[in-house]
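User: Hey, I've just opened this model and I'm a bit lost. Can you walk me through it?
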Amino acid sequence: MNLGTIGTSWITESFIEASKDSKLLNLTAIYSRNEETARAFATKHNAPKFFTNIEELATSPDIDVVYIASPNSLHYEQTILLLKNNKHVICEKPIFSTINELDHAFKVAEENGVYLFEAIRNFHSPNFTALKEGLEKIGKIRSANLHYLQYSSKYDAFLRGENPNVFSPEFSGGALVDLGVYPIYVVIGLFGKPTSVNYSPVKLRTGIDGSGTLVLNYENFTCSIQCSKVSQSYIESEITGEIGTLVIDKPSPISKITLINHKSKQRESLEVNQVSNDMLYEIQNITSIIKESNQTEYKKLKELSKLVLTVTETARKQGGIVFGVENKEN
């Protein structure tokens, strides 16, 4: 399939490189509002075409699927335009800002006979599968503690009084939706819908969460997720059971999984070899669903995206974090 991309940051470059490695997507065009940026990015990645008008991208007959990696608040409008022009869409996490946006977008995709996916690299990786299989070895689950605290390269600018997108409510930013979404995907991918959600954010001057602690309650255990874009953590994550504990280096990418038996103290490495650019696996799974029209797997991914977005939206509302798009909805 022929690929178009929206966004010119490092994440788009990673997706393009993974698509080339997959040999399943053929980079055909890129989009940027700035002509100089668009031309340079297209030249760098050998894309035959570039667009500065998104309508032209959407209506191009040479493009089958579009990868979106624009600021979060722009995802919905761009996705709807592309879906209505019969383009499959792979939208970088967080897919949308609200459940209302998600429900309507999936409806538009169905009406136009195309597919809509959330790009979430860790969930599709072989090591996520290895982690899931490892649960059988630790007995009844009793707790989970996952961490994703990474000091943002944009935070210094924020401290100088600037308002980078990731710290702006107008662009649907914040630690929970930018980094917290990775461990949330791990937990919900493993254990499903929580019985309750509680979020304690540390809010910045813009009203966005610079960091926070999310608690997801399940019937027999509680999961604690810490996320931050204003500090850095060096500790590993854990899922504990009555027989053993699974120690994970970090929620994304999952590179190391160690099983520790409580009684014997024996350690077993469960991780498998996977490529460094784990976007390859989401590309393989997504293109397979499209080509095979695999509605069963597609439905699973749709439901998972909705569960994750339900958690983040519920958590935000508890913390009084309001995105600009929500003011427009109201």
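User: Let's start with S97. Is S97 buried or exposed?

Analyst: S97 counts as buried because its relative accessibility is 3%; buried means under 20% relative accessible area, exposed means over 50%, and partly exposed is in between, using a 1.4 Å probe and protein chains only. Before we go on: this is a predicted model, where local features need pLDDT of at least 70, side-chain atom pairs count only at pLDDT 80 or more, and totals for chains, interfaces and linings use all residues. Residues are numbered from 1 along each chain as its sequence is written, and side-chain values use heavy atoms, with hydrogens and water left out.

User: Got it. Where is S97 found, and what is S97 in contact with, leaving aside its neighbours within four places in sequence?

Analyst: S97 sits in the loop between β5 and α5. Those labels come from DSSP runs numbered from the N terminus: helices are H or I with at least four residues, and strands are E with at least two. Leaving aside neighbours within four places in sequence, S97 is in contact with N72, S73, S172, L309, R316, F323 and V325, where contact means heavy atoms within 4.5 Å.

User: S172 is on that list. What is phi of S172 near?

Analyst: Phi of S172 is near 55 degrees, which is a positive value in a residue other than glycine. S172 lies in the loop between α7 and α8, and S172 is buried, with a relative accessible area of 1%.

User: Which other non-glycine residue has a positive phi, near 50 degrees?

Analyst: One of them is S293, with phi near 50 degrees. S293 is in the loop between α9 and α10. S293 is partly exposed, with a relative accessible area of 41%.

User: Back to the β5–α5 loop. Where is the place of P94, and what kind of peptide bond joins K93 and P94?

Analyst: P94 is in that loop, between β5 and α5. The bond joining K93 and P94 is cis, with omega about -15 degrees. The peptide bond from S252 to P253 is cis too, with omega near -10 degrees, and P253 is found in the loop between β12 (244–248) and β13 (257–261).

User: New topic: helices. At what angle do α1 and α9 pack?

Analyst: Helix α1 (residues 10–22) and helix α9 (residues 279–292) pack at about 60 degrees, with their axes 8 Å apart. Axes are lines fitted to C-alpha atoms, for helices over the stretch in contact, and angles run from 0 to 180 degrees between N-to-C directions. α1 and α9 are therefore oblique to each other: under 35 degrees counts as roughly parallel, over 145 as roughly antiparallel, 65 to 115 as roughly perpendicular, and the rest as oblique.

User: Which residues meet there?

Analyst: I11, S14, F15, A18, S19, D21 and S22 in α1 meet M279, L280, E282 and I283 in α9. By class, that contact has six nonpolar, three polar and two charged residues. Here Ala, Val, Leu, Ile, Met, Phe, Trp, Tyr, Cys and Pro count as nonpolar, Asp, Glu, Lys and Arg as charged, and the others, Gly among them, as polar.

User: And α8 with α10, how do their axes cross?

Analyst: The axes of α8 (residues 175–191) and α10 (residues 295–318) come within 10 Å and cross at roughly 130 degrees. That pair is therefore oblique to each other as well. From α8, L176, V177, V181, I184, Y185, I188 and G189 meet residues of α10 including L304, L307, V308 and V311. By class, the contact of α8 with α10 has 11 nonpolar, three polar and one charged residues.

User: How many residues of α4 are buried?

Analyst: Seven of the 10 residues in α4 (residues 75–84) are buried, so the helix is mostly covered. The buried ones are H75, Q78, T79, I80, L81, L82 and L83. What covers them includes β1 (2–6), α3 (54–59), β4 (65–68), β5 (88–92), α5 and β6 (116–119).

User: Last one: how many residues does the largest nonpolar core have?

Analyst: The largest nonpolar core has 53 residues, and L57, Y67, L116 and F117 have the most contacts inside it. A nonpolar core is a set of buried Ala, Val, Leu, Ile, Met, Phe, Trp, Tyr and Cys residues joined through side-chain atoms within 4.5 Å. The largest share of this core, six residues, comes from helix α5 (residues 99–111). Apart from this core lies another one of 47 residues, among them L131, C223, I257 and I321.
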